[in-house]
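These are my notebook entries on one protein, kept in the order in which I looked things up. I wanted to begin with a single residue and then widen the view.

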Amino acid sequence: MNVREAVLTVDEAQPSPLEPGPSLIERAARTASVAAADADGVDRDARFPHKAFDAAREQELLGVMIPVEFGGFGASIYDVTDICYTLGRACASTAMIYAMHQTKVACVVRHGHGILWMETMMRRVARDQWLLASSTTEGQNGGNIRASAAAVDVAGDTVSLLRDATVISYGAQADGLVTIARRATGAAASDQVLLALAKDDYSLKQTLGWETLGMRGTCSTGFELKVDCPADRVFPEAYDKIHAQTMTPFAHLCWSSAWAGIAAASVTRAQAFVRKAARSSGGQMPPAAAHFTAAKMSLAKLRALIAANVDAFARVEHDERALGSLDFQSSITLLKVQASELAVETVMHAMRTAGLSGYRNDGEFTMGRHLRDVLSSPIMINNDRILANAATATLMSGVPTSLRD
């Protein structure tokens with residue numbers, strides 16, 4: 001049935017009761033096991049991690065954040081970030097795709113209540129395990145997602161959009177797409193709307209490939225995005241509000257958790273190397289053991305940083321004033337910078353712990369894939385751009401007068 005024409009029956013509209021079963025983290029561990037077994041092949045061939053996402057669908061992980069009333073598990077930000085971390089320890093591409101998907105799901109869940117199409121999409125994500133992609137990077141804007149070139153064209157009950165999307169991660173594999181655009185042809189670049197689209201609402205024409213150092217399985221190719229859809233695909237709320245309250249917090253928390261998973265995987269390999277070296281030398285630590293200590297310290301800082309920001313978001317996630325405050329926005333924005341730098345630092349220390357054994361692409365202690373994948377983190381929405389944009393806000397923010405202010 002054409003998705004656009006589909007009408008939910010009364011029975012379909014009612015959420016089915018969730019069967020008791022494994023916990024979310026157990027479901028994530030099962031998916032991670034599949035992802036880990038295929039991670040080297042995904043990286044080598046730059047292919048989408050189909051096996052991992054087949055497992056994720058089987059474990060019903062794609063719809064965990066959908067409210068129970070629409071057929072999901074009603075998972076919290078704690079649940080979702082833990083899953084990103086677990087998947088990150090297994091396969092970076094799988095974790096990053098999952099993190100991006102959940103960020104888009106969060107937008108639909110938090111801003112789509114009471115809107116028939118958005119609620120239908122929630123049900124399809126939960127029931128059919130739809131995978132949602134994102135189109136935010138456009139033309140030559142360099143990742144500045146708060147400025148759009150393409151504008152929606154409204155004609156009665158339909159809208160159209162033609163967008164030069166230089167990156168749409170896993171766009172060819174997704175079941176739906178969330179994208180931003182200028183509100184109208186004459187609108188300012190920052191006057192944006194968000195659209196939530198089913199696959200029947202758009203077409204993609206590939207314009208760029210994806211031959212990269214790391215995160216190769218995300219298949220983040222460029223496309224010409226052509227949209228022709230009903231007007232109800234457009235969120236009524238302005239994008240600037242969605243961006244501040246949902247898009248940025250969920251993106252930065254989920255991405256950071258995925259990067260922390262990559263870092264943790266490298267520390268696990270470094271630990272195994274040190275233990276093996278110590279056993280073979282009668283208990284004497286190898287020369288680079290100090291780097292293992294540094295890796296553990298860096299990972300601990302990274303996890304504490306993410307945990308503190310998850311707690312901060314969870315406390316205010318339904319408080320619009322708190323979410324829009326200068327302190328919260330500065331903290332959640334700079335989380336991306338701090339977490340990405342710490343993740344790279346951790347993997348570098350882990351690799352130096354293992355020396356040539358970590359540098360090699362073969363052998364049980366290889367960390368080349370982890371390093372290549374984590375090096376994407378400072379570049380994904382460039383840290384320099386974030387720091388430059390945050391300069392004014394940080395100047396306006398006061399310096400704490402005590403440790404617990």
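Does Tyr170 count as buried or exposed? I looked this up in what is a predicted model, and I found that Tyr170 has a relative accessibility of 0%, so it counts as buried, the cut-off being under 20%.

Entry 1: I placed Tyr170 in the loop between strand 3 (158-169) and strand 4 (176-182). I then checked its backbone and noted a positive phi of about 45 degrees, although Tyr170 is not a glycine. I reminded myself that most residues other than glycine have a negative phi. Cys219 gave me another such case, with a positive phi near 50 degrees in a residue other than glycine. Cys219 is found in the loop between strand 6 (202-208) and strand 7, and at 11% relative accessibility it counts as buried.

**Entry 2: Ser220.** I moved along to Ser220, which is found in strand 7 (residues 220-230) and is buried, with a relative accessible area of 6%.

**Entry 3: Leu195.** I found Leu195 in strand 5 (residues 192-198), where it is buried with a relative accessible area of 0%. Val178 is 17 residues from Leu195 along the chain, and I noted that their C-alpha atoms are separated by 5.6 Å. Leaving aside neighbours within four places in sequence, I recorded contacts of Leu195 with several residues, including Val152, Val159, Leu177, Val178, Arg233 and Phe235.

Entry 4: Which residues touch the most other members of the largest nonpolar core? I found that this core has 119 residues, and that Phe53, Tyr98, Leu194 and Leu302 touch the most other members. The largest share of this core, 18 residues, comes from helix 7. I noted as background that in soluble globular proteins nonpolar side chains tend to be buried together. For Tyr98 I looked beyond the neighbours within four places in sequence and found contacts that include Phe53, Leu61, Ile83 and Cys84. Ser257 has its place in helix 7 (residues 239-280) and is buried, with a relative accessible area of 3%.

**Entry 5: the whole protein.** I counted 13 helices and seven strands in the protein. The radius of gyration is 22 Å, close to the 22 Å that the globule rule gives for 405 residues, so the protein is as compact as a globular protein of that length. The C-alpha trace spans about 80 × 50 × 45 Å along its principal axes. Of the 405 residues, 54% count as buried. Among contacts between residues at least 6 apart in sequence, I noted that 76% join residues at least 24 apart. The protein exposes about 18,100 Å², and carbon and sulfur atoms supply 54% of it.

Note on methods: Residues numbered from 1 in each chain as written. Predicted model: local features only at pLDDT ≥ 70, side-chain atom pairs only at ≥ 80, totals over all residues. Heavy atoms only, no water. Helix = DSSP H or I, 4+ residues; strand = E, 2+ residues; numbered from the N terminus. Rg over C-alpha atoms; globule rule 2.2 N^0.38 Å. Buried < 20%, exposed > 50% of the residue type's maximum accessible area, 1.4 Å probe, protein only. Contact = heavy atoms within 4.5 Å. Areas by Shrake-Rupley, 256 points an atom, 1.4 Å probe, with all protein chains shown as cover. Core = buried A, V, L, I, M, F, W, Y, C linked by side-chain atoms within 4.5 Å.
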